[in-house]
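Please look at the model shown below.

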Amino acid sequence: MTGRAKDKDTDTKEIREYHASSVGLFFTVDSVLYRKQSSYQKIEVFVNESFGKVLLLDGLIQTTEKDEFFYHEMLVHPACTTHSSPQNILVIGGGDGGALKEILRYPVESVCHVEIDAQVIEVGKEYFPWLSPCLKDKRVDLVIADGLEFLREIERTFDIIFVDSSEPIGPSVALHRRDFYETAKKRLNEEAVVVAQIGSPLYHLEFIRECSATFKEIFKTVRFYVGPAPSYPGGSWCYAFLSDNVDPLVLQRDPPPGLKCYNRDIHQAAFALPPFMKDTI
Ligand code: SAM
């Protein structure tokens, strides 16, 4: 779905992520803080003068200190402001902790965080300073497991499930399949939402179209919305809002204070899709 890493190691002076054969993004590398192969993926953290610490998984940019708030606020807040009482939340993936940080701004009862790679969690605790306090929060239960296996085995249900996966390669492939969403639906409370990051409207439109067709067979309400994501392919990112009974356009509460991207106006604007997306999905 997304870019390809051109330079496999960040001990070159820059990394390049190709979004198509002739276009992409480069970051200069000031210093490499971490580089190891886990059981699932190659994990790297480097410092860039403008964007601060940058997390790569298998050579692809996942999170940067400077612009993570765009992605994580837009992933989390639309569902948390439209569900009438979000109490029990599940996050699948999201090992860097950015989604968790946003969810914990609400007075939720519990957040179950299921991440497949314990090494990503350790790297997050060391290099992305918001993660450690989140994991110490009594409401958070960290489970190291595959998200699909977890959903198949548990019996409890959730108000919101956030799918904060990486690109559909490696361990994330399972999180982009139909049976994942069918299984997720069985783990929802009566009033519930699933939110998933889907990809770049510019580079991954066909993938978004395929997801849309699948989602419409599973959920009554399938809406896509878009938010800024400067360090992802194309600079804007698409999310799916899936529900049987929550209206994505009716806010039930104000967002919490202190956000940098999301507010009521941005919420409404995010669901207004341009013709090239609307006509396709
Ligand atoms: N917040 C990130 C961003 O900025 O785009 C999203 C990427 S996040 C780092 C993706 C996480 O999903 C990774 O830590 C990866 O280990 C995890 N993951 C991949 N496949 C998974 C699976 N099958 N079950 C649970 N977690 C998975």
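Leu56 stands opposite Ile61 in strand 7. The model is predicted: local features need pLDDT of at least 70, side-chain atom pairs count only at pLDDT 80 or more, and totals for chains, interfaces and linings use all residues. Residues are numbered from 1 along each chain as its sequence is written, and side-chain values use heavy atoms, with hydrogens and water left out. Helices (H or I, at least four residues) and strands (E, at least two) are DSSP runs, numbered from the N terminus.

Strand 6 (residues 52-57) and strand 7 pair in the antiparallel sense over four bridges; two strands count as paired if DSSP finds at least two bridges between them. In general, strands of a sheet pair through backbone hydrogen bonds, either parallel or antiparallel. Here four strands, in the order 4-5-6-7, form an open sheet with antiparallel pairing. Strand 4 (31-37) and strand 7 (60-64) are the edge strands, each pairing on one side only. On average, neighbouring strands of this sheet are turned by 20 degrees against each other, direction ignored. Helix 3 (residues 118-127) packs on the sheet and touches strand 4, strand 5 (42-48) and strand 6. The direction of helix 3 makes about 165 degrees with that of strand 4. Axes are lines fitted to C-alpha atoms, for helices over the stretch in contact, and angles run from 0 to 180 degrees between N-to-C directions.

Which residues of helix 6 (residues 178-186) are buried? They are Phe180, Tyr181, Thr183 and Ala184, where buried means under 20% relative accessible area (1.4 Å probe, protein chains only). Seen down the axis of helix 6, the buried residues fall within an arc of 160 degrees, so they line one face of the helix; the arc is that of the directions from the helix axis to the C-beta atoms. These residues pack against several elements, including strand 8 (88-93), helix 5 (147-153) and helix 7 (205-218). Contact means heavy atoms within 4.5 Å.

Helix 6 and helix 7 pack at an angle of about 30 degrees, with their axes 10 Å apart. The two are therefore roughly parallel to each other, a term for angles under 35 degrees. Arg178, Tyr181, Glu182 and Lys185 in helix 6 meet Thr214, Phe215, Glu217 and Ile218 in helix 7.

Ser166 lies in the loop between strand 11 and helix 6. Ser166 counts as buried, at 16% relative accessibility. Leaving out residues up to four places away in sequence, Ser166 touches Leu57, Gln62, Ser172, His176 and Gln197.

Terms used
Buried means under 20% relative accessible area, exposed over 50%, partly exposed in between (1.4 Å probe, protein chains only). Angles under 35 degrees count as roughly parallel, over 145 as roughly antiparallel, 65 to 115 as roughly perpendicular and the rest as oblique.
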